[in-house]
Amino acid sequence: MASQRFKSFVKQNWQIVSVLVIASVAALWFAISIVMDVVYFNDPRHQDEPIRGWMTPRYVSMSFDLPREVVVDLFDLPKDGPKGRRMHEIADDLGMTLPELTDLVRDAAHAHREGNQ
């Protein structure tokens, strides 16, 4: 009986139910993404990693625990510019190698951490 009432309710309110299901899936997706980022970047193996060409500024920011503004200024990126640029492109634009870029980021992270203590 309850099964019939539920089916009838879904049939009559299919638009609302669809929106609710889509919103629930989206919320679950974002929650899982946040949890995965927290777990991944709290692992010491993923902190202060040497910069690789496939990394993005966001990845570097999270790995070195730097605010977005510091990374944007460090790489001379536009504040609202294209997202998802790879570090090999940024290194080419700055005329640096990836190891030199890693040293630059490590120095900035050290200065940022010293300034926050």
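**Entry 1**

I began with Arg86, which is partly exposed at a relative accessible area of 36%. My scale for that: buried is under 20% relative accessible area, exposed is over 50%, and partly exposed is in between, using a 1.4 Å probe and protein chains only. I noted that the model is a predicted one, where local features need pLDDT of at least 70 and side-chain atom pairs count only at pLDDT 80 or more, while totals for chains, interfaces and linings use all residues. Residues are numbered from 1 along each chain as its sequence is written, and side-chain values use heavy atoms, with hydrogens and water left out.

Where does Arg86 lie? I found Arg86 in the loop between α4 and α5. For those labels, helices (H or I, at least four residues) and strands (E, at least two) are DSSP runs, numbered from the N terminus. I then looked up how far Arg86 is from Arg52: their C-alpha atoms are separated by 8.9 Å, and the two residues are 34 apart along the chain. Arg52 is partly exposed as well, with a relative accessible area of 37%.

**Entry 1: Salt bridges**

Is Glu49 buried or exposed? Glu49 counts as buried, at 8% relative accessibility.

Then I looked at Arg85 and Asp93, whose side chains meet in a salt bridge of 2.2 Å, N to O. Through salt bridges that share partners, Arg85, Glu89 and Asp93 are joined into one network. I wrote down Asp93 as exposed, since its relative accessibility is 55%.

**Entry 2: The loop between α3 and α4**

I looked up Phe64, found in the loop between α3 and α4. Phe64 is buried, with a relative accessible area of 1%. From C-alpha to C-alpha, Phe64 and Glu49 are 7.7 Å apart in space, and they are 15 residues apart in sequence.

Asp65 lies in the loop between α3 and α4 too. I put Asp65 down as exposed, with a relative accessible area of 60%. What is the phi of Asp65? I read a positive phi of about 55 degrees, although Asp65 is not a glycine.

**Entry 3: The loop between α4 and α5**

Asp76 gave me another positive phi, about 55 degrees, and Asp76 is not a glycine either. Asp76 lies in the loop between α4 and α5. Asp76 is exposed, at a relative accessible area of 64%.

I also stopped at Pro78, in the loop between α4 (68-74) and α5 (87-94). Pro78 is partly exposed, with a relative accessible area of 45%.

Rolling a probe the size of a water molecule over the atoms shows where empty space is left. A pocket here is an open set of points on a 1 Å grid over the protein atoms alone, where a 1.4 Å probe fits, with protein on both sides within 12 Å along at least five of seven lines; lining residues have an atom within 4 Å of a point.

Which residues lie nearest the centre of the second largest pocket? I listed Phe41, Gln47, Met62, Ser63 and Asp65, out of 13 lining residues. The elements giving two or more residues to this lining are α2 (14-41) and α3 (57-63).

Last, I looked at Leu28, which is found in helix α2. Leu28 counts as exposed, at 52% relative accessibility.

Notes:
Salt bridge = Lys/Arg side-chain N within 4 Å of Asp/Glu carboxyl O.
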